[in-house]
Amino acid sequence: MKHHYSMTTRGERIFYAVNNVVLACLSLSVILPFLNILALSFNSGADAAHGGVTFWPREFSLENYQEVFRDADLMHAYGITIARTVLGTFLGVMFTAMTAFALKSKTLPGRKFLSKYFIFTMLFSGGTIPIYMIFKTYGMLNTFWVYIFNSSLVAAWDIMVMRTFFEGISISLEESAKLDGCSDLGVFFRIILPISKPVISVIALFKAVYHWNDWFSGAYYIKSTDLLPVQTLLQRMLTLQENLQKLTSASQAFFERAVTGESLKMATIIISIIPIVCVYPFIQKYFVKGLMLGSVKE
């Protein structure tokens, strides 16, 4: 006599159906605004000012992007942003990994105190003024190093995630390497890092997104226009365009312009997010695995 057993219960099927609907709605809540911004960025500003543009340009135009790239300082700002993102991400991941590797060692003197100290910094922060005073004391104001040696270099949460991941690695690997004459640094670079790609990819993505999107540092700690990152420069361009819009909003000439402050804003948003969107697919396979393994204590 054959018995047929359903792979899932009725309750589980209902849960999966509701879950899929909720996830689909959340996905649409992200995708549809992005498509609208993309359409507006490729639409003539004068035409978009009348409204009605949804997910496809009604009057196709590249003048919004031409206006953004017309600024001679923009390409230089992109160079600054790329340099700080690459260097800041690399140093941030290395310092975070080294700190986490040291904290996971049970023979480290003051290990419990240091762990509590890092957790304390997650709850309380000195704020902008103390950070400004530190930069001023060490002569880093109005220098490129403001972007590198800030709170993103070593973040407490990143350290905790990496430490938990490292603790899940079998101690026998380290012991075998040390029996073969490998030092602690050798174990770190030859054993730990090569098998920690998932969590390293996650932390690297977090730090890269921070460096790419950060406009605050350039606005508050930098005076020289030669050191401004692209986000700060675009923010200033948007502010200028919005001021011009306020001055000319009552004029019919404003509505005849191919580029408006709103259309320029849409183009700058697309320019800002495309690089990160292009990078994400290459590390997506590590993202979920690294995030879960690094945040759950086994």
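On a 1 Å grid over the protein atoms alone, a pocket is an open set of points where a 1.4 Å probe fits, with protein on both sides within 12 Å along at least five of seven lines, and its lining residues have an atom within 4 Å of a point. The structure examined here is a predicted model, in which local features need pLDDT of at least 70 and side-chain atom pairs count only at pLDDT 80 or more, while totals for chains, interfaces and linings use all residues. Residues are numbered from 1 along each chain as its sequence is written, and side-chain values use heavy atoms, with hydrogens and water left out.

The second largest pocket is lined by 20 residues, and those nearest its centre are Phe-101, Lys-104, Ser-105, Lys-106 and Glu-174. Helices (DSSP runs of H or I, at least four residues, numbered from the N terminus) contribute to this lining: H4 (73-103), H7, H8 (171-179) and H9 (184-192) each give two or more residues. The largest share, four residues, comes from H8.

The largest pocket has 26 lining residues, with Ser-125, Ile-131, Asn-150, Ser-151 and Val-154 closest to its centre. Helix H5 gives the most to this lining, with five residues.

Attention now turns to the interior. A nonpolar core is a set of buried Ala, Val, Leu, Ile, Met, Phe, Trp, Tyr and Cys residues joined through side-chain atoms within 4.5 Å; buried means under 20% relative accessible area, exposed over 50%, and partly exposed in between, for a 1.4 Å probe and protein chains only. The largest such core has 30 residues, and among the members that touch the most others are Val-68, Tyr-78, Phe-144 and Leu-234. Helix H14 (261-295) is one of the elements that supply at least two residues, and the largest share, six residues, comes from H14.

Aromatic residues form a further theme. Rings of Phe, Tyr and Trp (its six-membered ring) pair if their centres lie within 6.5 Å, and planes under 30 degrees apart count as stacked, over 60 as edge-to-face and the rest as tilted. By this rule there are 18 aromatic pairs. The ring centres of Phe-42 and Phe-60 are 5.7 Å apart and their planes stand at 5°, so this pair is stacked. Phe-42 is partly exposed, at 24% relative accessibility, whereas Phe-60 is exposed, at 58%. Phe-42 also forms a tilted pair with Tyr-65, at 4.8 Å centre to centre and 35° between the planes. Because Phe-42 lies in the loop between H1 and H2 and Tyr-65 in helix H3, the pair ties together parts that are 23 residues apart in sequence. Tyr-65 is buried, with a relative accessible area of 11%.
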